[in-house]
Amino acid sequence: MKRKVIRGFRPLLGVSLLLVLAGCSTTTGTATGADGSEAPATAVSTSDSAATTDQQVAANKKAAQDFYDLAFNQKKLEEAAQKYLAADYLQHNPGVADGAAGFTAGIGALLKANPQLKATTHRVIGQADLVGLQTEMTAKPGGSSQSVMDIFRFDGQGKIVEHWDAIQDVPAKSANGHTMFDGPTEVAPVTASVLQKNTETVRSFLDLAFNQAKAQQAVDNFVGEQYLQHNPLIADGKEAFVKAFAGASPLTGAAATKFPRTIAEGDFVMAQTFAPAESGAGGSGSIDIFRLDADGKIVEHWDAVQDYPAKTVSGHTVWDSGK
């Protein structure tokens, strides 16, 4: 999406590692309890594969966190790759090649340059075969940091088969007084129908605000009275959002913002976006997390926004799916 007011951040730490979902649309089933009533659901299948059980989603979420800790905090790259990466692992980070070898080479260079690097994961969202992580990556104690959003796609054997990410430097000051990471971290269980509706709300909000350039209508339709903002360049509240994107032009055809994938769990929805540059080379994108209230309104937002190059080491785009 065209986010001129929040573009311009370049990764401090070089390459990163993020893996998450596949499937470009959300198809949510309805969970029913033993008495026939609708049961709370925090993870519902969105892929074209067989529905993933809650147990599998929980296992995938744990695997994603363990993989991250083993690789970045314990610095055991070979072990992490062997234990968690599939043989046909696909990479969409523009600076890293496919496969375990590409991962260990790319992240090995990152860790060599930043031996004190620490990764602190703040939010984990899982749905079907996808897991999304929001992580604070710190180069050294007291040093600069980055907000890293990863999306991982898992196979049925608990192996990571595909990865996407977005990386943004954390500035010293924030327009809203929040950090890029604070706020609620635990998902609040919702029913399957609410989960589907929340996903549709987020996609409609993004399309209306960025492709149709109707920011005022987007907040009027989909945002709650109290809107907490963690993007460091935008203040809290609906008026600040509308002001930040005032004057934008509608985007259509090849120039339109793409919304390749979403992950919904409980009251959180993670969404990936990508907008091609006007020149056709590269573009800008983000991975966003939205929190919705009991009325289905967006009440809180976190993101990482990145400018992407025209070419990637793996040959994949930063948003497509090799599935």
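**Sheet and helix packing**

In this predicted model, five strands make up an open sheet with mixed pairing, in the order β2-β6-β5-β4-β3. The edges of the sheet are β2 (85–91) and β3 (118–127), each of which pairs on one side only. From one strand to the next, the twist averages 25°.

- Strand β2 runs parallel to β6 (residues 160–169), and three bridges join the two.
- Leucine 90 stands opposite glutamate 162, a residue of β6.
- Helix α2 (residues 77–84) lies across both β2 and β6.
- The direction of α2 is at about 100° to β2.

**Helix α1 against helix α3**

- Helix α1 spans residues 54–73 and helix α3 spans residues 99–113.
- The axes of α1 and α3 come within 10 Å and cross at roughly 50°.
- On the α1 side, the contact is made by Phe67, Ala71 and Phe72.
- On the α3 side, Phe103, Ile107, Leu110 and Leu111 make the contact.
- By class, the contact of α1 with α3 has seven nonpolar residues, with no polar and no charged ones.

Definitions and conventions. Residues are numbered from 1 along each chain as its sequence is written. This is a predicted model: local features need pLDDT of at least 70, side-chain atom pairs count only at pLDDT 80 or more; totals for chains, interfaces and linings use all residues. Side-chain values use heavy atoms; hydrogens and water are left out. Axes are lines fitted to C-alpha atoms, for helices over the stretch in contact, and angles run from 0 to 180 degrees between N-to-C directions. Helices (H or I, at least four residues) and strands (E, at least two) are DSSP runs, numbered from the N terminus. Contact means heavy atoms within 4.5 Å. Ala, Val, Leu, Ile, Met, Phe, Trp, Tyr, Cys and Pro count as nonpolar, Asp, Glu, Lys and Arg as charged, and the others, Gly among them, as polar. Two strands pair if DSSP finds at least two bridges between them.
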